[in-house]
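Trainee: I am new to this structure and would like to go through it by question and answer. May we begin once it is displayed?

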Amino acid sequence: MRDHSRLPTSPGFWRSPLRGSWFTSVLGLVLLVGITVMFVTGLVSYAAYNPDLSRVNDTTPDKGILGFYLFAWPTGPVWLYRFTQGLHVTLGITLIPVLLAKLWSVVPKLFALPPVRSVTHGLERISLLLLVGGGLFEFTTGVLNVQLDYVFPGSFYPLHFYGAWVFFAAFVAHAVLKVPTALRAVRHRLREGSYLESPRPAAPTVSRRGALWLVGGGSLLLFATTVGQTLGGPFRRTALLAPHGTADPGGGPNGFQINKTAAYAGITAADVHEDNWRLVVTGRTGTVRLTRAQLLQLPLHSSSLPIACVEGWSTADQWWRGVRLRDLAALVGYEGDPPDVLVESLQRHGAFRRAALRANQVADGRSLLALYVNGEELSPDHGHPARIIVPAAPGVLNTKWVARLTFGDL
Ligand SMILES: Nc1nc2c(c(=O)[nH]1)N[C@H]1C(S)=C(S)[C@@H](COP(=O)(O)O)O[C@H]1N2
Ligand SMILES: [Mo]
């Protein structure tokens, strides 16, 4: 007789004694909770960009019914996006070992023959393909975006957003089918009789419990080397895995994380020179051009706000000082109830040179066109001569090197 156990399609090929219902179920239940939280925080992050406000913020084509839930992102508490996105990214990185272990634990199923036994079985396999493919896709695109700094120019959001819906739909179907079994397996410590169990297990080198501790240890390590990027203070140094958590922005009042530098954005000294730079504000009553000196004649206000990036890093609150957006709206004919605003930067290229803010963000008295931070002029890299800072919003809406504000319904 031929030795079929040398083929991965044979159950005997898979010899790890760790595989079994209990092991798979414990990992599955962890993912059930973790991935649900990631889905929710992910949708929330998408909403925070004001994607239904303007094409400038989001060009996801035909988001249609998938965007049914979009809402006006609130301006408080000021740490809102810092929290939701820190949670999304940190949890995602922490779950990687759990995801990999879970996939490893069920890999024999992938090869099981016949590939399709019945229509129902065929449908189940397609849903598993979407589940595994979708999961790997979401984790990979997420990690690449965080680690490689926007490798998908302009296209990360649509990819990650569509992928999330496909993945989560398959995830829900899978959970509905498997949760009862998983709960039973965990409660009764089921091992035997499972298709996952190797029919000819090799000698164990680690117990199932030990293997779970290893996975958990891996997760803990990733967590400990990531979470510092959102905690700030002395913890920032522990964020070994976060590219922006460790970059040294120098000391002093402007000594906090820098996303894109002025050099990267192509901002020249001549662009921002007092003689050349004008703030162009347009609204109901026309256009006003302000020199820096004129801008400084307007009432200046302060607010303590963090910067929180989609990449998961954030700063502690910084003390910003500048002109309220709602006061600038009032200059061009919007007294009392300011409308939306389109903000444009001196930066000529790149997806983040423009952003649209919602009326509720303009109306909030803490939303500033900031000229100072922590008592000093903005540094070139933080947006000199003027930048937007809005409470609770994603960093990408805090446009740097602002040149133009256009108020009105977008
Ligand atoms: N003009 C312009 N503004 C910008 C960006 C940019 O690339 N260009 N990046 C945005 C993003 S994604 C973030 S997270 C914040 C970071 O601000 P910081 O570098 O001052 O920390 O700036 C935002 N403002
Ligand atoms: Mo960002």
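Trainee: Which residues lie nearest the centre of the largest pocket?

Mentor: This is a predicted model, in which local features need pLDDT of at least 70, side-chain atom pairs count only at pLDDT 80 or more, and totals for chains, interfaces and linings use all residues. Residues are numbered from 1 along each chain as its sequence is written, chains are lettered from A and ligands numbered from 1 in the order in which they are written, and side-chain values use heavy atoms, with hydrogens and water left out. A pocket, on a 1 Å grid over the protein atoms alone, is an open set of points where a 1.4 Å probe fits, with protein on both sides within 12 Å along at least five of seven lines, and lining residues have an atom within 4 Å of a point. The largest pocket is lined by 41 residues, and those nearest its centre are Lys 102, Val 106, Leu 128, His 174 and Lys 178.

Trainee: Which element gives the most to the lining of the largest pocket?

Mentor: Helices (H or I, at least four residues) and strands (E, at least two) are DSSP runs, numbered from the N terminus. Two or more lining residues come from each of helix H1 (21-48), helix H2 (80-105), helix H3 (107-111), helix H4 (119-147) and helix H5 (156-187). With ten residues, the element that gives the most is H5.

Trainee: How many residues of the lining of the largest pocket are nonpolar?

Mentor: Ala, Val, Leu, Ile, Met, Phe, Trp, Tyr, Cys and Pro count as nonpolar, Asp, Glu, Lys and Arg as charged, and the others, Gly among them, as polar. In the lining of the largest pocket, nine residues are polar and seven charged, while the number of nonpolar residues is 25.

Trainee: How much of ligand 1 does the protein bury?

Mentor: Around ligand 1 there are 19 residues, the closest being Asn 259, Gln 347, His 382, Arg 387 and Lys 400, where a residue counts if one of its heavy atoms lies within 4 Å. A polar side-chain atom of Gln 347 is 2.6 Å from a nitrogen atom of the ligand, and an N or O atom in the side chain of His 382 is 2.6 Å from one of its oxygen atoms. Taken alone, ligand 1 exposes 530 Å² (Shrake-Rupley method, 1.4 Å probe), and the share buried by the protein is 99%.

Trainee: Is Asn 50 buried or exposed?

Mentor: Asn 50 lies in the loop between H1 and H2 and has a positive phi of about 55 degrees although it is not a glycine. Its side chain makes a polar contact (a pair of N or O atoms within 3.5 Å, one able to donate a hydrogen and the other to accept it) of 3.0 Å with the side chain of Gln 361. Buried means under 20% relative accessible area and exposed over 50%, with partly exposed in between (1.4 Å probe, protein chains only). Because its relative accessibility is 0%, Asn 50 counts as buried.

Trainee: What is omega for the peptide bond from His 384 to Pro 385?

Mentor: Pro 385 is placed in the loop between strand S8 (376-377) and strand S9 (387-389). The bond that links His 384 to Pro 385 is cis, with omega near 10 degrees.

Trainee: What is the relative accessible area of Ala 392?

Mentor: Ala 392 lies in the loop between S9 and strand S10 (402-407), and its phi is positive, near 70 degrees, in a residue other than glycine. Ala 392 is buried because its relative accessible area is 3%.
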